[in-house]
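This short report walks through one protein chain, from its overall make-up to a few selected places. Please keep the sequence and the structure in view while reading.

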Amino acid sequence: MAIASPSTPTFSASFCCKRTVSTHLTRFPSTLSPTRTRHLPPRRFAISSRLNSSKSCGSVYPDNGGSEDFEHYELQHGFTGPVERRRRGSPVYVTLPAELVAEDGKVRRIKVLTASLRALVTAGVEGVVMEIWWGIVEREKPRVYNWGGYLDLVALARRCGLKVRAVLAFHQRGTGPGDPLWVSLPQWVLEEIDKDPDIAYTDRFGRRNMEYISLGCDMFPVLKGRSPLQAYSDFMMNFRDTFRSLLGVVITGVQVGMGPAGELRYPSCPSQKLAWAWHTRELGEFQCYDKYMIASLNACAHDAGMREWGYGGPIGTGNLMHGPENTEFFKSNGGSWNTPFGKFFLQWYSGMLLLHGERICREAKTIFQGTEVDTSAKVAGIHWHYGMQSHPSELTAGYYNTSRRDGYLPIARMLGRYGFGLCCSGFGMRDVEEKKTNPVSSPEGFLKQLLLAARVCHIPIEGENSTTFLEDESFEQVLKMSKFYTYGLESPTFSFNFMRMDRYLFEQHKWVRFTRFVKQLSGANIFRARLDFGGDVQPTSMSDVVKVRAAYTYC
């Protein structure tokens, strides 16, 4: 492992991917949508400096009287501009409990679920988000699928007049066999990992992460003669064929999992820790030490004429809890992230992630073409080092996003090429709260950068909360961020996935807050779902909510 000296000549690491995209913040990329014919002269693209804190972004938020600044930003960077200023409703979906379908494929607590869905209808919710686990459907043998429990869930949602968004989850859930939410990868996949441990992601200490198959072996026949990409494609095709009559009617969206927690990222730290990582400010570890990733890195280094760069990731990265300014790689001044080797490695590392996402998008587009379902992918909300120049926790997760480079625009452009929407979490988080414990954290800065990239690329957004919240301040923050994305768009394409339905949602005061939020965000979309495709559940009263509370009490 070697870090280049300052005398090493610089170079472009564009060999990492077949498709190259300029991502530097100093220049705005070319126009994106083929339907747009406006051609503007090149403009300076200075997004990062304005987004590192909520204060710096306040001037462009429409409710803060910044509409003129926002319009100027749109004209400067090639946005279409507002044709008409009218607020349209954004539908709200509620994610179902993770443990609804057991390992044997049967639905748990069907009576409680039925009462809960009826209550959601009264609140004006558009539909539900249903996670479909690879480790349940294709559990025992390759190409043997059991969709029974999920067919039952979709049928129940249809009877209630709710739409369904399906999340195809190719990752592990939970912390281990003792976790009540535990779902592993399919058993036959685990058998192959036992034979070839390098199928799993590996960090510099040799620790294996079993949450998701390493993207380094995407194209290799490591799963009983199939590549991981072929296994994902076969799963998607069988899903399409099984639910074909419901696609575009009841199932209106499919989110395709692309990594741990379903997110397009590396497992830089375990997902169960990532949920609270902003409190501990974990840096994460580069996941590039399985033999497949090392082979790719070695080949790229060879092509660049710098063979010594191909033996592993950077040194001087500290540990998970190390202060980034005390590390040789991540420190702001003189850090190796900004040296020729650092740029080479980060370009390769993020490029491999982008290529993985593109491969899956290409397969999904072909499979779901003509079904009239919307497809999307999820990006992680990693914000706890956003105020630093190097953004270390984003780098280890695979997002080459620094004070000098936009790491999210390439992802948005890739998704846009295949007609995918973008799902991202953190919509209920506020800088003013996070900075109390971590001054360099900025969930609002991160989210605004991501939303602007989505606007530039004309792709729909599915917002999501990071953790279950039921406070007015968090709901208001969701409304604020949704307006930031939709302001001035002729056809806003924003929706919100509330994470997630549980017994606390139906407590009286929390339920009142939730229903008020749904009405504020949905507007004219209230009850639209039930009327669209003939749900047979009639409008119900608060007595249904009382029944749900009682059912949760005794279950």
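## The chain as a whole

What percentage of the residues of the protein chain count as buried? In this predicted model, the protein chain has 555 residues, and 59% of them count as buried. The chain has 20 helices and 10 strands, and its accessible surface comes to about 22000 Å², with 51% of that area belonging to carbon and sulfur atoms.

The contacts can also be sorted by how far apart the partners lie in the sequence. Among the contacts in the protein chain with a separation of 6 or more, 77% are accounted for by residues 24 or more positions apart.

## Two packed helices

Two packed helices are described by the angle between their axes and the distance between the axes. Helix α11, which covers residues 291-303, and helix α12, which covers residues 340-368, pack at an angle of about 130 degrees, and their axes are 11 Å apart. Because of that angle, α11 is oblique to α12, and the crossing of these two helices is right-handed.

On the α11 side, the contact is made by M293, S296, L297, C300 and A301, while α12 contributes F344, F345, W348 and M352. Sorted by class, the contact of α11 with α12 has 8 nonpolar residues and 1 polar residue, with no charged residues.

## A buried serine in a strand

Is S376 buried or exposed? This residue is found in strand β7, which spans residues 374-379, and S376 counts as buried because its relative accessible area is 1%, whereas the cut-off for buried is under 20%.

Leaving aside residues up to four places away in sequence, S376 touches V254, Q255 and V256, and also F420, G421, L422 and E462.

## Backbone details in the loops

Where is R109 placed? R109 lies in the loop between β1 (92-95) and α4 (110-123), and its phi is near 50 degrees, a positive value in a residue other than glycine. With a relative accessibility of 33%, R109 counts as partly exposed.

R143 also has a positive phi, of about 65 degrees, although R143 is not a glycine; its place is in the loop between α5 (134-137) and α6 (148-159). A further backbone detail concerns M499 and R500, which are joined by a cis peptide bond with an omega of about -20 degrees. Of this pair, R500 is placed in the loop between β10 (494-498) and α18 (508-522).

Definitions and conventions
Residues are numbered from 1 along each chain as its sequence is written. This is a predicted model: local features need pLDDT of at least 70, side-chain atom pairs count only at pLDDT 80 or more; totals for chains, interfaces and linings use all residues. Side-chain values use heavy atoms; hydrogens and water are left out. Helices (H or I, at least four residues) and strands (E, at least two) are DSSP runs, numbered from the N terminus. Buried means under 20% relative accessible area, exposed over 50%, partly exposed in between (1.4 Å probe, protein chains only). Contact means heavy atoms within 4.5 Å. Accessible areas come from the Shrake-Rupley method with a 1.4 Å probe; for residues, only the protein chains shown count as cover. Axes are lines fitted to C-alpha atoms, for helices over the stretch in contact, and angles run from 0 to 180 degrees between N-to-C directions. Angles under 35 degrees count as roughly parallel, over 145 as roughly antiparallel, 65 to 115 as roughly perpendicular and the rest as oblique. A crossing is left-handed if the near helix is turned anticlockwise from the far one by less than a right angle, and right-handed if clockwise. Ala, Val, Leu, Ile, Met, Phe, Trp, Tyr, Cys and Pro count as nonpolar, Asp, Glu, Lys and Arg as charged, and the others, Gly among them, as polar.
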